[in-house]
Amino acid sequence: MSGQPVPTTFIGRKQWEAEAWKAVRKVFERHGWKIAPLGMNRSLILPEAEPLIMTAPNPPTVLMLVCVPDAIAVCEPTNQSLLVELKSTNRETFSLRARDFAALLMWQAMLTVVHLPSGVVYACPVEYLPPPKLVMLPQRDYPFSLWDEGGLTVLQHQYPEVTVLTGVTVVAGSKAPFAVWELESLQRLEVYLAASD
């Protein structure tokens, strides 16, 4: 495992995202795919809808509004398209918040994870992700949001056998429930795309 810390600043995350985006785009384009960022995020939700979204009684479907995949990829010769979620890591593991997992599952997105030290891009359709190594419920002084509760329900339903650690101290991030996967449990994006050619 890398001893490099998790980025805790917005600037650090943006730099890592830029590096990861270049790596993912390069692999897709090498296999004849066109890929572009969607540019959709929660900030596009109109102010009058925000209170309704925050209190909606069926949070899993609302999660699709607040967690949208990062990009769309299209391969015209094979008539295929993918919604793509982009993650990056300096470690041999990666994590996803429970609410993001639930939304990406509903979007039927392709998860890509760039291992920044090696530049290797891993990938897996979210619905085929293997079980995570564990699920973590961070220590916090307030209850989980409806989004977090809904996402955690979906995650635990999908992987009932996975160990759940509660009261974990987390320094950075939203303190939302999340799962941790081993990178080696995914195949390389190159392999996935070559198989779909």
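Reply: Happy to! The count comes to 7 salt bridges, where a salt bridge is a side-chain nitrogen of Lys or Arg within 4 Å of a carboxyl oxygen of Asp or Glu. The model is predicted, so local features need pLDDT of at least 70 and side-chain atom pairs count only at pLDDT 80 or more, while totals for chains, interfaces and linings use all residues. Residues are numbered from 1 along each chain as its sequence is written, and side-chain values use heavy atoms, leaving out hydrogens and water.

Start with arginine 30 and glutamate 190, whose side chains meet at 2.1 Å, N to O. Arginine 30 belongs to helix H1 (residues 10–30) and glutamate 190 to helix H6 (residues 189–196), so this pair links parts of the chain 160 residues apart. Helices (H or I, at least four residues) and strands (E, at least two) are DSSP runs, numbered from the N terminus. Arginine 30 is partly exposed, at 48% relative accessible area, and glutamate 190 is partly exposed too, at 28%. Here buried means under 20% relative accessible area, exposed over 50%, and partly exposed in between (1.4 Å probe, protein chains only).

Next, look at lysine 34 and glutamate 76, bridged at 3.5 Å, N to O. Lysine 34 lies in strand E1 (residues 34–37), and glutamate 76 is in the loop between strand E2 (71–75) and strand E3 (80–89), 42 residues apart. Lysine 34 is exposed at 53%, as is glutamate 76 at 55%.
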